[in-house]
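Please keep the sequence and the coordinates at hand while reading.

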Amino acid sequence: MRRFNFYIVFIIFLGLISCEEVVDIPLEEAQPRLVIDASIEWIKGTDGKQQTIRITKTTPFYDEELNAVPNAEVKVYAESGEEFTFNYDQAGMYINTNFIPELNKTYSLEVIVDGEIYTATETFQPVVEIDYIEQLNNGGFSGEDIEIKAFYTDPAATEDYYLFEFINEDVTLEFYEDEFTNGNQIFGYYSTEDIESGDAIEIQIQGISKSYYEFLFILRSQVGTNQGGPFETMPATVKGNIVNRTNQENYPFGYFRLSEVDSMNYIVE
Amino acid sequence: MNKKLTIRYLALFLLILLFQTQTYGQELFTLNGTISDASSNETLIGVNVIFPEANTGVVTNTYGYYSIKLPEGEYKVQISYLGYQPIQQTINLSEDRKINFELQEASENLEEVLITSDIEGLNIRKPEMSVNKLSISTIQSLPVVFGEVDVVKSLLLLPGVSNAGEGSSGFNVRGGAVDQNLILLDEATIFNSSHLFGLFSVFNPDAIKDLKLYKGGIPAEYGGRVSSVLDIYQRDGNSKEFKMQGGIGAISSRLLAEGPIVKDKGSFLIGGRSSYAHLFLKLTDNENSAYFYDLNTKLSYKLDDSNKLLLSGYFGRDVFNISQNFENTYGNAVLNLRWNHVFSDDIFTNLSAIYSDYYYGLNLNFVGFNWDSGIKNLNLKYDFNHYINDDFQLKYGIQNTYYEFNPGEIEPIDETSGINYYKLINKYAFENAVYISAEHRLSDKFSAEYGLRLSNFFRLGQDEINSYANNQPVAYDPERGIYSEGEILDSYSVSRNKSIKAYNNFEPRAAVSYMINDSQSLKASYNRMAQYLHLISNTSSPTPLDVWAPSGQYIKPQILDQFAIGYFRNMSDREYSLEVEGFYKQIDNRIDYIDGANLIANDAIERVVLNGESRAYGMEVLLRKNEGRLTGWLSYTLSKSEQRTPGRSAIEPGINNSDWYNSNYDKTHDLSITSSYELNDKWQFNANFIFQTGLATTFPNAQYEYQGITVPVYGERNGDRLPEYHRLDLSATLTPKKNKNRDFQSSWNFGIYNVYNRQNAYSISFRENSDTNQNEAVRLSLFGIIPSITYNFKF
């Protein structure tokens, strides 16, 4: 189901009387935990040979430095048995330049850090193309913002999940399932106060698995858009599909997924 | 409870009854009747009818009826009620007699006003405990935010009652959840008690006669919710003369009319209330609006001394409209027909037929669909009050409720919409109960109230009942350590006439009181209760969108056991009273939600919930000053409210690693001081001070970056606290002198909420600053200092 923040209304209402202030709250610091951001993306029309996996550790909440992990062994295995080794570059990035993407094929990830072995398995998810893009200048929730709709046609025969990335100054993620839109032409929706005429926006549609959709669902509920207060959702641990085979308790954050991507550049009129 | 134990309970119960019927000795005569207000014929609830020589008495029931059996003789009778002039009369009882009393409102000139103008003195003899009453006049004089008099917000000033912060909906009683309160308006269940997401409650104070909150020791006549009962009675309307009253406030205005249909026999009452902030928005060319309105109506007709008909209705709606793109409407509708009948002088009965409906609708033009959901129920109940003798009264009755749940229907707004029509499967249930309850004076020192309720719930057939792999609607992935929706093996339909799951529960209730002396008593109570409906809500406080789900094959009814003990004392000839209570309660089958549970438009809620338990314990102190120019109370609660959801097997982590965690509304300390000072006939001043431990919340203890997004990592659930909450409110009521000798009465209420402008945290959220990319904590505070003015009138 497409989800919307129904309580935006409430927040708008409270906006009239409420007051926001940055405050100093001391926080506890948890033991660092491994984070594996393994998103293999293959943009339609490219060879998809260069892929990056990022490995870091969690940091105290107010810290600004990245805690990169430079000493990991990172490999991805294709269904055929082919092996792709990712080599360390910088800032936690591991790169492979000979990757061979194949849709609907299964791949597995193996990461070894400090003697502990982490693995995950996922299928390469295909995606339909973006049909066209529509812009409305008096749209959005307030009726005053620019809104962008990227239309696509959902295949009726399959149960599909989509991730949209709207890359302007910041990255906005939207994700959808087709339970209520199966077989229809429908759109990815992007509207914020910050969109201005002349902005160059990269719009990506990505095919994702059901399990990754569920992961994003929990992830989003934990991220900044959460206003807190009575309508806050409960905090959750965002566990991905990567399992620590050596010590299961010491699970990593992040996800291993492979998505086909259709990308379009759009200049806001 | 096992069967054997149940049978033993029943046997004991019957034995007591039998013993009781044997105590009949000399011939008794019945004195009965109704007690009402002399100026309006409005029946009065809870009036004390005392026979000092016989050392006995009776209290009027919720329809103003009393009945007592006494041996032949001449008796002095004293009738007293808060805010009214007491009556003393001598009655010769040599045959069964019916005497209706009319009480005169205490006139403003009399010194007694000061004595009776506040909360009633404490009844230390009755076993009834853990009960709070507030008179409408007290509620109306309390300082409140925006000057809007509010029933629920006033209750929060009493011990054991709290909420999940300013602007949250509903209220929490003794560490129970919002959906565990049974809220009755003229005996009809109200499913959502809040307007504007919780800023106001749905009850128009002008239309209310009386209210009572049971926090524990709940009598057997109530059931279906485990935490508390808030019983609210609407006024019948004046059957003597036509009257109007109303008020103009900052947010809303009220108007109420009442009068006779047939003088002294039939009356009507109609009261409306509406907010109008949206009208100002319209003036400023703002297309957004947020408003609410409600309508209370009542017709009552007295056929004869033994028969009375009452028809009451309530209709309320909240409407939000954001630039034609988004429209949201929700509210309750209730219709209730009742027939009071006195069978013989000692049996009073009430038959009710109640229809109640909660609707939630959403219209999202910019996405292209409408959403409708709701819950309807039809309730038939028949209640008997049986006055056996002056030491023994029985209440018994039967209740049946039929529920229809519409979890949601999605409709595309037009053909171009990309949304397909979808109807979530309707669910049906039937809830029944029989109960018997005795109020029994065992000796001069001991009184008891005990009863038994047998409740029964049928989840009825529906379309698309799922069967799951391993019969588990929630699956667990031991490798990843996460829960997910279970795999559906098969889906089938069962006729609505058939039950797919039945539950039966015995709910024993008991309370005893022991009089230490004339001014002190000890009381203790126990009650077990079952709740078959669950509000599906995964936010800190419920939202209007949340749907109710019935128990069934997988979701079990919540079962509560509560114990309470208390010490009660009247001091300085009832000028002061003190109540100290301790309570412990345990609730089984409290559901919680797996991480990532999608509750919106979910056809099979059982796939995202796990059964857990909750418990709460604490101590409450209420010290009141009931007399003099200065009246008021100090209320303090020390308590703990927790929840736990263990895994279903040893390998599963459950929720929060199976550990106990604080509930969202847990507050260790909750103190409020409420006072009222009557300076003279013109001016009355009120002040509230509130101090509470900050609400439980969860702060992050780490962060990481994923796909360009900063993700916080949270620690133990509800293991942190918001800063302490405190504020001071003041108000003054001006009743102009010129009121005295005329029909038109008016008053002004001036209030200041949060006088020292404390920025209380509504929430602390954590985010990445979009300019500096630095993580920061942000405190959102809702109500700073808010002045208000309200004008009230009556004629």
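Two strands pair if DSSP finds at least two bridges between them; strands themselves are DSSP runs of E with at least two residues, helices are runs of H or I with at least four residues, and both are numbered from the N terminus. The model is a predicted one, in which local features need pLDDT of at least 70 and side-chain atom pairs count only at pLDDT 80 or more, while totals for chains, interfaces and linings use all residues. Residues are numbered from 1 along each chain as its sequence is written, and chains are lettered from A and ligands numbered from 1 in the order in which they are written.

In chain B, five strands build an open sheet of mixed pairing, in the order 9-16-17-12-13. Its edges are strand 9 (131-133) and strand 13 (188-189) of chain B, each of which has a single partner strand, so one side of each lacks a neighbour in the sheet. Within this order, strand 16 (residues 208-214) and strand 17 (residues 228-234) of chain B run antiparallel and are joined by six bridges. In that region B:Lys212 stands opposite B:Asp231 of strand 17.

The confidence of the prediction may be considered next. The pLDDT, the predictor's confidence in each residue from 0 to 100, has a mean of 86 in chain B, where 92% of the residues reach 70 or more. Residues 108-121 of chain B have a pLDDT below 50, and this stretch has 30 contacts in the model beyond near neighbours in sequence; a contact requires that the C-beta atoms of two residues, placed from the backbone, lie within 7 Å. For the complex, the predictor gives an ipTM of 0.90 and a pTM of 0.87.

Domain bounds, which come from an automatic or database domain assignment, divide out domain 1 (3-114) and domain 2 (228-643) in chain B.

Most residues other than glycine have a negative phi. B:Asn718, in the loop between strand 47 (709-714) and strand 48 (720-721) of chain B, has a positive phi near 50°. Are these two residues buried or exposed? A residue is buried if 20 or more other C-beta atoms, placed from the backbone, lie within 10 Å of its own, exposed if 12 or fewer do, and partly exposed in between. B:Ser658 has 13 such neighbours and is therefore partly exposed, whereas B:Asn718 has 22 and is buried.

Chain A contains two helices and 17 strands, and buried residues make up 37% of its 269 residues. In chain A, strand 5 (residues 73-78) and strand 8 (residues 106-113) run antiparallel with six bridges, and A:Ala78 stands opposite A:Tyr107. Strand 8 of chain A is also joined by eight bridges to strand 9 (residues 116-125) of chain A, again antiparallel, with A:Leu109 opposite A:Ala120. Two residues lie between the strands of this hairpin, in which A:Asp114 takes a positive phi near 50°.

Helix 2 of chain A has 13 residues and spans 19 Å from its first C-alpha to its last, close to the expected 18 Å, a value defined as 1.5 Å times one less than the number of residues. Its buried residues, including A:Tyr212, A:Phe215 and A:Leu216, pack against strands 12 (161-167), 13 (171-177), 15 (200-208) and 17 of chain A together with strand 47 of chain B.

The contact between the chains takes 71 residues from chain A and 75 residues from chain B. On the chain A side, the elements that give two or more residues include helix 2 (210-222) and strand 17 (253-267) of chain A. This side has 38 nonpolar, 22 polar and eleven charged residues. Strand 1 of chain A pairs with strand 52 (residues 775-781) of chain B in the antiparallel sense over five bridges, and A:Val23 stands opposite B:Ala777.

Definitions and conventions: Nonpolar A, V, L, I, M, F, W, Y, C, P; charged D, E, K, R; others polar.
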